[in-house]
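Here is a friendly first tour of the structure shown below. Take a moment to look it over, and then follow the notes topic by topic.

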Amino acid sequence: MPDSSDLILKRKSEHLDLCLTDSVSFKNKSNGFEHYEFKHHATTQVDISKIDFTTEFFNKKISYPFLISCMTGGIEKADNINLKLAESAASLNIPLGLGSLRYALENNEHDSRLKEIRINAKSIPILANLGIAQIIQQKKISSLQRVIDLLEADVMVIHLNPLQELMQENGEPNFPSLLKSIKNIVKKINLPVIVKEVGAGISKNVAKELLDIGVKGIDVAGAGGTSWAGVEILRSKSTQSEMFWDWGLPTSYCIRKVASLKKKYDFILVGSGGIDTPFDLAKSLALGADMCGSARTILKTLNSNGDEGVATLIKHWFEIVKKIMFLTGSHSLDELNRRKLVRSKELF
Ligand SMILES: Cc1cc2nc3c(=O)[nH]c(=O)nc-3n(C[C@H](O)[C@H](O)[C@H](O)COP(=O)(O)O)c2cc1C
């Protein structure tokens, strides 16, 4: 009988394989960006060569408002993925999200791999990551602090995944004292905390609950990209839960609603969940995201074109964003964020 850590590692391997090979996208739901169009600005005076994307991410300067969303770790192929993504992120000077570090809390056999990731990542921001189930179970934070120190992590990311846990065989869909546990981590860890979903989205009310307890970033990780219900349904080889495949709030809706909290709260809003094209990226930023992230598209690009391919893709996306800024008369991302979108239905 394999022990629980073997099961976790087997699950990670299956997740990677499914995300690379099977179709785990939403079936009849999109990220919603197709309902918006940019307002063409015929009198644009923008000088494309002067557009600069440099921004700050929790006190570190980064070159693009983009992060590699948290994915995997703990098994050899996953560690190799993170080492390569660290190189892509370092070459672009953007933050790197790591997948759940649960495996590294339980023993120290992964410590040297974590140190290698920091070496490859040079000085870019690294996002440590744990699921809410583990956050609730953490009685002492010493093992989490040890992992944070090894990585010299800059930000702690907590992922909420009630749908995934519910769909997963041996999942743990039970989150007593969820907010209290997050509040405790916010207080005890000397790092800013971002809370994210994994593809079902964060609503305005949920974001408000989290910001009220001191969370400094919301990554909406909305519906329209990878369906984690879909991944677990495929793993379970049962069609019993098929009707949940498309569950979740579309990314564009989440960004628009959560962005309205900016009037009252100071936080970083990350737009993610199905950011698969430069137009998804530009529309996220125009709807109010401070930055964007992408997971499975980056993983697939790494798999087909290597770490340089990932860097090339992200640079290319931002070249297209520059063209969109030119055509909408936006000198800066702040300007792109000011009424540069129109709902498609208004056009006809
Ligand atoms: C292979 C893989 C593993 C993932 N593992 C994690 C994880 O450990 N922690 C986490 O917060 N999100 C994890 N995610 C979810 C992503 O960060 C992201 O929120 C989700 O896939 C939606 O983004 P996408 O549509 O760009 O893929 C994983 C995604 C992929 C593709």
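A residue counts as buried if 20 or more other C-beta atoms lie within 10 Å of its own, as exposed if 12 or fewer do, and as partly exposed in between, with C-beta atoms placed from the backbone. This is a predicted model, in which local features need pLDDT of at least 70 and side-chain atom pairs count only at pLDDT 80 or more, while totals for chains, interfaces and linings use all residues. Residues are numbered from 1 along each chain as its sequence is written.

**The chain as a whole**

- The chain holds 14 helices and 12 strands; these are DSSP runs numbered from the N terminus, with helices (H or I) of at least four residues and strands (E) of at least two.
- Its radius of gyration is 19 Å, which agrees with the value near 20 Å that a compact globule of 348 residues would have. The radius is taken over C-alpha atoms, and the globule rule is 2.2 Å times the number of residues to the power 0.38.
- Along the principal axes, the C-alpha atoms fill a box of roughly 70 × 45 × 40 Å.
- Of the 348 residues, 44% count as buried.
- Among contacts with a separation of 6 or more, 78% join residues 24 or more positions apart. Two residues are in contact if their C-beta atoms, placed from the backbone, lie within 7 Å.

**Around the ligand**

- The ligand is surrounded by 26 residues, and the closest are Gly99, His159, Gly225, Thr226 and Ala295. To be near a molecule, a residue needs its C-beta atom, placed from the backbone, within 6 Å of it.
- Helix H1 (4-21) and helix H13 (296-327) are the elements that give two or more residues to this shell.
- By type, the shell divides into 9 nonpolar, 15 polar and 2 charged residues. Here Ala, Val, Leu, Ile, Met, Phe, Trp, Tyr, Cys and Pro count as nonpolar, Asp, Glu, Lys and Arg as charged, and the others, Gly among them, as polar.

**Strands side by side**

- Strand E7 (residues 155-159) pairs with strand E8 in the parallel sense over 4 bridges, and Met156 has Val193 in E8 as its bridge partner. Two strands pair if DSSP finds at least two bridges between them.
- E8 (residues 193-196) is covered on both faces: Val193 and Val195 are buried on one side, Ile194 and Lys196 on the other.
- Between E8 and E9 the chain passes through helix H9 (residues 204-212) in a right-handed β-α-β crossover. Right-handed means that, with the strands pointing away from the viewer, the path from the first strand over the helix to the second runs clockwise.
- Strand E9 (residues 217-219) pairs in the parallel sense with E10 over 3 bridges, and the partner of Asp219 in E10 is Val270.
- In strand E10 (residues 268-272), 4 of the 5 residues are buried.
- E10 pairs in the parallel sense with strand E11 (residues 291-294), again over 3 bridges, with Gly271 opposite Cys292.
- E10, helix H12 (residues 278-287) and E11 form a right-handed β-α-β unit.

**Two buried residues**

- Ile148 sits in helix H6 (residues 142-151) and is buried, because 21 other C-beta atoms lie within 10 Å.
- Leaving aside neighbours within four places in sequence, Ile148 is in contact with Ala128, Ala153 and Leu191.
- Ala221 belongs to the loop between E9 and helix H10 (228-236); it counts as buried because it has 32 C-beta neighbours inside 10 Å.
- Beyond four places in sequence, the contacts of Ala221 include Lys196, Glu197, Ser272 and Gly273.
- Ala221 and His331 are 110 residues apart along the chain, and their C-alpha atoms are separated by 28 Å.

**Two exposed loop residues**

- Lys122 lies in the loop between helix H4 (111-121) and strand E6 (126-131). Its phi is near 50°, a positive value in a residue other than glycine.
- Buried or exposed: which is Lys122? Lys122 counts as exposed, because it has 12 C-beta neighbours inside 10 Å.
- Arg339 is found in the loop between helix H14 (333-336) and strand E12 (341-343), and has a positive phi of about 50° although it is not a glycine.
- With 10 C-beta neighbours inside 10 Å, Arg339 counts as exposed.
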